[in-house]
Amino acid sequence: MLNNSNEFTRRMLKTPAIRPCESVNPSTLLSSLINLAQTITCNYNSSTIFSNKRNVKEVTRLISNLLMFFVEIRDGSSRFSDTFVLSFSELHFIFQKIEFLLQDCGNEDAKVWMLMKCEFVSDQFRVLVRAVGVALDVLKTERIDVSDEVKELVGLVKRQALGANLGVEEDDKKIFDKVLSILRCFEVGVAPETSDLRCVVEYLGIKKWSHCDQEIKFLESEILLESETTGKKDLGLLSSLMGLMTYFRCVHFVSVGNPTLIKESDESSGCDGEVISSLNSDDFQCPISLEVMLDPVTIATGHTYDRSSILKWFKAGNSTCPKTGKKLICRDLVSNLAMKHLIRQYCLKGGIAMGETKRQNHHKSKTSVAGSMAAEGAIKMVAIFINGKLMSGANEEQKKAAYEIRLLTKSSSFNRSCLVEAGVISNLLNLLCSKDSAKQEDASAALLNLSKYSKTKMILVENGGLELVLDVIKNGLTMEARQHAAGTLFYISSVEEYRILIGEIPWTIPVLMGLLVEGTFRAKKNALVTILGLLMYPDNHWRVLSAGVVPLLLNLLRSLQREDLITDCLAVLASLAENHDGAMAILSAKALHQIVEVFGVSTTRSVKEHCVSLLLYLCINGGADVVRVLVKNQGLMVPLYDLLADGSPRAGRKASSLIRIIHEFDEKSSSGLMNLPLHHRFIHV
């Protein structure tokens, strides 16, 4: 049996070929071998290769000659002996490995990496070509019904393969040495010669900002994979190369620009181009993570999610479709290749970085070091350069600098620390007042990312950033700028001292409420978690209540479809209900039946857990009138016992307390004892 599937993930420079099974039909084997040879000779040529060109040309020439031999055998009347099957099975195995290597050599996102691996690649080609010669040596061509010319050709190919002297090309070695020289400059904190940098990128065909950005994205993914290996032998080199490409992208490209490789190759022309022009990034967001999907998959209900997000959803114990709430009998995931294609076209067309998986984000959040001395030196120089452009550059230079910071600050905490130390915070705050919507949005996003770094919060507050951030939340030129600003406020509020300062600004809560009314899903979420963070300071409770947040949240609960936003609304209400005034405000809004209904119909564990917290606090602070309503609701006990069995330990304890309150009240009601106070012993949280 032959495995022709390409539906697996293969790491660069790995060649996981599969040997045909011994019982394979010879005709099937030959047909598969011809297909492989045709793919190799048609799809790979020196014009699409940027290193190891001569080796690629030699390998494809040899296989092209053998293809004529294979075709003539297929069209002839030869009987297939055991020797034939043995030789052709070995060639099939070798050709698979060669195709993998050729794919890597032609990978337009990995040019600099393939250059730095040119010696390894040439060694692999040499080994595989000689293996072709050995496989042909077993074959007895005199017993095969083909022309004498073809037999002579096979003999020639065999001799050339056995005597092949493939090695690193002189031009590759020259550019390889230049890259090492540039990296040594970074290590000692010296800016490399511009001529050397341009020589490298021109040799590799990296002509635009988007080309450079694709190289960086590839290196990021390889760093993630390499960091999970035992030896981590290539981690330093990968990090150094990412520093090199980041330096070139930031320092030597005047603008980001829209033209990209995808447009040049005409892949987005025709129907796809028309479709893409009518779409925006919201169309490609995962309904769970709200990030552009990296690996879209479709579940049984027909809805599409990012693979990592839906797997996390299932792992959390959920067995429903997040959008519809429908119970899933089958959890199979089907790759949505059409969606993946459109996402790639859209991202490349707009010069947008492809989405990142949660796994990548988790890795990056832990990246507190550069990975190598060269990468450290490169990023520090980039930070100083970008800050200079922010401070005194022309309008377009400031726009590009803000966008570069936005990208760099997503990459690692090390990048954030370098940029903060370079002094970008005050200059980014100045851009928040810009009348250029793109500049304001990028500055706002950059500050959001930087606010995850501990020193940023103090610098931002000391430079008057709180009022500027609040002004963007209220009056930002785009909704994206407003939601980023709300996210920044959330991170600032994680510091108790600043939580107090934010709460004392009279218009903080009204501004966040405005975002809850007008904002997108992400904007609403950022506003909700910020309010929840502010409630960690007790004095902010009365401010939130007096601003009228409770009626607003209850209205939101009636209209929201997204489980994550419903969860956040309930979390804020539960936090307010912990004290008496908050519980009374919720009960005065006649929300009890609404909360019970949400608890009964929701299939999401986090929603149920917040509902239990909220109901428990309403019972404790609202007294017997609340419990009486719950006792009359016959359907309440089933989800309570379900949560007791399947919920988190904390939620289980709260469910247990609520069950005891309901049972004891019911028993007292039956015995004629009414309106007795609820004792604090019921709270076990």
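**Whole chain.** I counted the secondary structure first: the chain has 35 helices and three strands. Helices (H or I, at least four residues) and strands (E, at least two) are taken as DSSP runs and numbered from the N terminus. The model is predicted, so I noted that local features need pLDDT of at least 70 and side-chain atom pairs pLDDT 80 or more, while totals for chains, interfaces and linings use all residues. Residue numbers start from 1 along each chain as its sequence is written, and side-chain values use heavy atoms, with hydrogens and water left out.

I then looked up burial. Of the 685 residues of the chain, 52% count as buried. Buried stands for under 20% relative accessible area, exposed for over 50%, and partly exposed for what lies in between, with a 1.4 Å probe and protein chains only.

Contacts came next, a contact being heavy atoms within 4.5 Å. Among contacts in the chain with a separation of 6 or more, 73% are between residues 24 or more positions apart.

**Helices α16 and α17.** I took α16 as residues 373-392 and α17 as residues 395-411. The two pack at an angle of about 140°, and their axes are 8 Å apart. Axes are lines fitted to C-alpha atoms, for helices over the stretch in contact, and angles run from 0 to 180 degrees between N-to-C directions. The classes are roughly parallel under 35 degrees, roughly antiparallel over 145, roughly perpendicular from 65 to 115, and oblique for the rest.

The crossing of α16 past α17 is left-handed. That term applies if the near helix is turned anticlockwise from the far one by less than a right angle; clockwise gives right-handed. On the α16 side I listed V382, I386, K389, L390 and M391 in the contact. On the α17 side I listed E397, Q398, A401, A402, E404, I405 and L408. Sorted by class, the contact of α16 with α17 has eight nonpolar, one polar and three charged residues. For this sorting, Ala, Val, Leu, Ile, Met, Phe, Trp, Tyr, Cys and Pro count as nonpolar, Asp, Glu, Lys and Arg as charged, and the others, Gly among them, as polar.

**Helices α10 and α17.** I checked a second pairing of α17. Here α10 and α17 pack at an angle of about 160°, with axes 10 Å apart. They are therefore roughly antiparallel to each other. T246, R249 and C250 of α10 meet K400, E404, L407 and L408 of α17. The residues of this contact of α10 with α17 are three nonpolar, one polar and three charged.

**F248.** I stayed in α10 (residues 235-252), where F248 lies. F248 is buried, at a relative accessible area of 2%. Leaving out residues up to four places away in sequence, F248 touches L197, R198, V201, C212 and F253. I also took a C-alpha distance: F248 and A378 are 130 residues apart along the chain and separated by 9.5 Å.

**E226.** Is E226 buried or exposed? I read 5% relative accessibility, so E226 counts as buried. E226 belongs to helix α9 (residues 209-227). A polar atom of the E226 side chain lies 3.1 Å from the backbone nitrogen of K233. Not counting residues up to four places away in sequence, E226 touches R11, K232, K233, D234, L235 and L238.

**P296.** I found P296 in strand β1 (residues 296-298). P296 has a relative accessible area of 1% and is buried. Beyond residues up to four places away in sequence, the residues touched by P296 include T304, Y305, D306, V334 and S335. From P296 to F284 the C-alpha distance is 8.9 Å, for 12 residues in sequence.

**Positive phi.** L13 has phi near 65°, and L13 sits in the segment before α1 (26-43). L13 counts as buried, at 13% relative accessibility. K590 has a positive phi of about 55°, and K590 lies in the loop between α30 (580-588) and α31 (592-601).

How values were computed. Polar contact = N/O pair within 3.5 Å; in protein donor to acceptor, adjacent residues only side chain to side chain.
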